[in-house]
Amino acid sequence: CIMLRQLKTTADGSSTLYSAHFDENFHSIHGAIQESEHVFIQAGLEKMKRNNLTIFEVGFGTGLNALLSYIYTVKNECKIDYHTVEKYPLSEKEYSLLNFPVLLGKQHNTAFLQMHTSTWGSQKKISENFTLTKHQSDISHFNFENLPLFNLIYFDAFAPEKQAEMWTETIFYNIYKHSEKDTILVTYCAKGQVRRILQSIGFTVERIPGPKGKREMLRAVKQSS
């Protein structure tokens, strides 16, 4: 059953879930929060030269990347329109176990719960500066047409050896096509095959230091419009 997911505590004290179906943790066992901060916030969001952004996330999962991005808007003058695609949403029982707001600030608990309880397919205003639209869909059949063009992409699917169908040239190409010039894509994955796909589509790709427990990660930039 796809829903066999159990709670685990990672090295920095933050929660993750283990999926028996994919035999994979949702986050690094070296620290869920430290991994997401490093890969998506520091290597992605903090590099953006604009303060009005559309973020597209592949794999909403636990909602940690969305929560960290929301917290970024609280601390910095910027607006984020956040879109995310998830095929297998967490149940209330599952997301209620996650301790991210306890560690990141209890004042963010309401926002975190709103993210999980908001209606799929419709925009939810979490704050003046942060809107969220969750799309329950399979990314390989996803229609991008009605979405605004992206400026930043969080590619956070399970690893290619666990979920190869998420890392295809077609999926990356569809995302690339729907992105503005200077869009940044970040992923924890540093596999040569993924890097080559991104380059063949038109991204300029660099290997940069990965989060704790991982030597490298990838950051890609769309240079042309």
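These legends walk you through a few close-up views of a predicted model.

**View 1. An open sheet of eight strands, with mixed pairing.** Reading across the sheet, the strands come in the order β6-β7-β5-β4-β8-β9-β11-β10. At the edges you will find β6 (124-127) and β10 (203-209), each of which pairs on one side only. If you follow the sheet from strand to strand, neighbours are turned by 20° against each other on average, direction ignored.

**View 2. Strands β4 and β5 side by side, with helix α5 on the sheet.** Here β4 (residues 52-58) and β5 (residues 79-86) pair in the parallel sense, over seven bridges. A handy landmark is Ile55, which stands opposite Tyr82 in β5. Helix α5 (residues 109-117) packs on this sheet, where it touches β6 and β7 (130-136). The direction of α5 makes about 30° with that of β7.

**View 3. The largest pocket, with a volume of about 850 Å³.** Its lining takes in 48 residues. To find your way to the centre, look for Glu24, Ala157, Phe158, Ala159 and Tyr188, the lining residues that lie nearest to it. Several elements contribute: β3 (24-25), α1 (32-42), β4, α2 (64-75) and β5 each supply at least two residues of the lining. Among the contributors, α1 gives the most, with three residues. Sorted by class, the lining of this pocket has 20 nonpolar, 14 polar and 14 charged residues.

**View 4. The second largest pocket, holding about 190 Å³ of space.** You can pick out the lining as Lys47, Met48, Lys49, Arg50, Asn151, Lys181, Asp182, Thr183, Ile184 and Val221. Strand β9 (residues 179-187) provides the largest share of this lining, four residues. By class, the lining of the second largest pocket divides into five charged, three nonpolar and two polar residues.

**View 5. An open sheet of three strands, with antiparallel pairing.** The order here is β1-β2-β3. Both β1 (5-9) and β3 stand at the edges with a single partner strand each, so one side of each is left without a neighbour in the sheet.

**View 6. The pairing of β1 with β2.** Strand β1 and strand β2 (residues 15-19) run antiparallel and are joined by five bridges.

Technical notes. Residues are numbered from 1 along each chain as its sequence is written. This is a predicted model: local features need pLDDT of at least 70, side-chain atom pairs count only at pLDDT 80 or more; totals for chains, interfaces and linings use all residues. Side-chain values use heavy atoms; hydrogens and water are left out. Two strands pair if DSSP finds at least two bridges between them. Axes are lines fitted to C-alpha atoms, for helices over the stretch in contact, and angles run from 0 to 180 degrees between N-to-C directions. Contact means heavy atoms within 4.5 Å. On a 1 Å grid over the protein atoms alone, a cavity is a set of points where a 1.4 Å probe fits but cannot get out, and a pocket is an open set with protein on both sides within 12 Å along at least five of seven lines; lining residues have an atom within 4 Å of a point. Grid points are joined across faces, edges and corners, and a volume is the space filled by probe spheres set on the points. Ala, Val, Leu, Ile, Met, Phe, Trp, Tyr, Cys and Pro count as nonpolar, Asp, Glu, Lys and Arg as charged, and the others, Gly among them, as polar.
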